[in-house]
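Let's walk through this model together, starting with the overall picture and then moving to the details. Please keep the structure open as you read.

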Amino acid sequence: MAGCVQPRQLAFALPHAESLTRDNFLEGPANAAGIALVDAWPEWPNRIMLLVGPEGSGKSHLAAIWAEQAGARSSAAHALDPASVPGALATGALVVEDLKPAAVDERALFHLLNLAREDEAYVLITARVPPTALQIELRDLRSRLRAVPVVSLLPPDDQLFRALIVKLCADRQLTVDEAVVSYLATRIERSYAAARQTVEHLDSEALRLGRPVTRALAAELLRKD
């Protein structure tokens with residue numbers, strides 16, 4: 001019919017499940033210390049450990065692997081409250097995810113650390129920065145956290161970064177060739193967060209335009225950015 005306008009294809013942001021098994025974890029020099037921590041359990045230097053690394057570096061993945069091994073429960077740091085602490089430690093092992101000072105009940109966390117020590121429970125805390133960089137108001141908690149051994153995850157090297165791009169694409173069922181991977185790996189910031197954001201954007205654009213993910217599409221996308 002004359003004058004008809006073709007409807008524009010819509011891209012829906014659907015959730016993409018990521019496998020958090022050991023087999024699906026990308027290993028490299030950047031996260032070797034984290035893998036070693038998981039493998040060393042229960043022979044840890046301290047029953048409470050802190051896993052630190054930048055956004056997207058695999059902290060949650062490693063914590064999930066350890067939780068499976070240790071039968072640990074898991075709680076977001078911001079969800080802790082004094083009443084929930086005993087139940088959180090009921091299995092003798094707990095993951096406390098994404099510790100951020102502004103979003104945590106400091107008294108609840110202090111209570112948890114004390115109770116874990118009394119009960120000889122294992123606690124793995126994840127955070128983006130080490131305890132010395134956390135602005136903690138409660139002095140006793142600040143002191144307690146700074147005594148916790150820290151295991152750090154580093155920015156990805158070239159090999160891990162390329163493997164990460166491939167994995168993020170595979171998680172979204174995107175088929176990419178070496179040309180796409182090489183183009184992205186040499187043109188975006190070498191960080192876990194940048195890789196994730198770029199692949200998400202590439203997936204969205206490919207769906208919106210009804211095009212396959214090619215080097216040409218990646219180049220168009222990066223030129224827009």
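A residue is called buried here if its relative accessible area is under 20%, exposed if over 50%, and partly exposed in between, using a 1.4 Å probe and protein chains only. What you have before you is a predicted model, in which local features need pLDDT of at least 70 and side-chain atom pairs count only at pLDDT 80 or more, while totals for chains, interfaces and linings use all residues. Residues are numbered from 1 along each chain as its sequence is written, and side-chain values use heavy atoms, with hydrogens and water left out.

Let's begin with the whole chain. The protein has nine helices and five strands, where helices (H or I, at least four residues) and strands (E, at least two) are DSSP runs numbered from the N terminus. Along the principal axes, the C-alpha atoms fill a box of roughly 75 × 40 × 30 Å. Of the 225 residues in the protein, 42% are buried. Contact means heavy atoms within 4.5 Å; among the contacts with a separation of 6 or more, 73% join residues 24 or more positions apart.

Now to the interior. In soluble globular proteins, nonpolar side chains tend to be buried together. A nonpolar core is taken as a set of buried Ala, Val, Leu, Ile, Met, Phe, Trp, Tyr and Cys residues joined through side-chain atoms within 4.5 Å. The largest one here holds 28 residues, and Leu89, Leu99, Leu112, Ile125 and Leu145 touch the most other members. At least two residues of this core come from each of β1, α3 (85-88), β3 (93-97), α4 (106-119), β4 and α5 (139-146). Helix α4 gives the most, with seven residues.

Helix α6 (residues 158-171) and helix α8 (residues 192-209) meet at an angle of about 35 degrees, with their axes 10 Å apart. The axes are lines fitted to C-alpha atoms, for helices over the stretch in contact, and angles run from 0 to 180 degrees between N-to-C directions. By class, that makes nine nonpolar, no polar and one charged residues; Ala, Val, Leu, Ile, Met, Phe, Trp, Tyr, Cys and Pro count as nonpolar, Asp, Glu, Lys and Arg as charged, and the others, Gly among them, as polar.

Next, look for aromatic rings. Rings of Phe, Tyr and Trp (its six-membered ring) pair if their centres lie within 6.5 Å, with planes under 30 degrees apart counted as stacked, over 60 as edge-to-face and the rest as tilted. There are four aromatic pairs by this rule. The ring centres of Trp41 and Trp66 are 6.3 Å apart and the planes stand at 85 degrees, so this pair is edge-to-face. Trp41 sits in the loop between α1 (32-40) and β1 (48-52) and Trp66 in helix α2 (residues 59-70), so the pair ties together parts that are 25 residues apart in sequence. Trp66 is buried, at a relative accessible area of 0%, whereas Trp41 counts as partly exposed at 21%. Trp44 and Tyr122 also form an edge-to-face pair, because their ring centres are 5.8 Å apart and their planes are at 85 degrees. Trp44 is in the loop between α1 and β1 and Tyr122 in strand β4 (residues 122-127), 78 residues apart, and both are buried. Ring pairs link Trp41, Trp44, Trp66 and Tyr122 into a cluster.

The peptide bond from Trp41 to Pro42 is cis, with omega near 5 degrees. Asp98, in the loop between β3 and α4, has a positive phi near 60 degrees although not a glycine. Glu120, found in the loop between α4 and β4, likewise has a positive phi, of about 55 degrees. Asp98 is partly exposed at 31% relative accessibility, while Glu120 is exposed at 52%.
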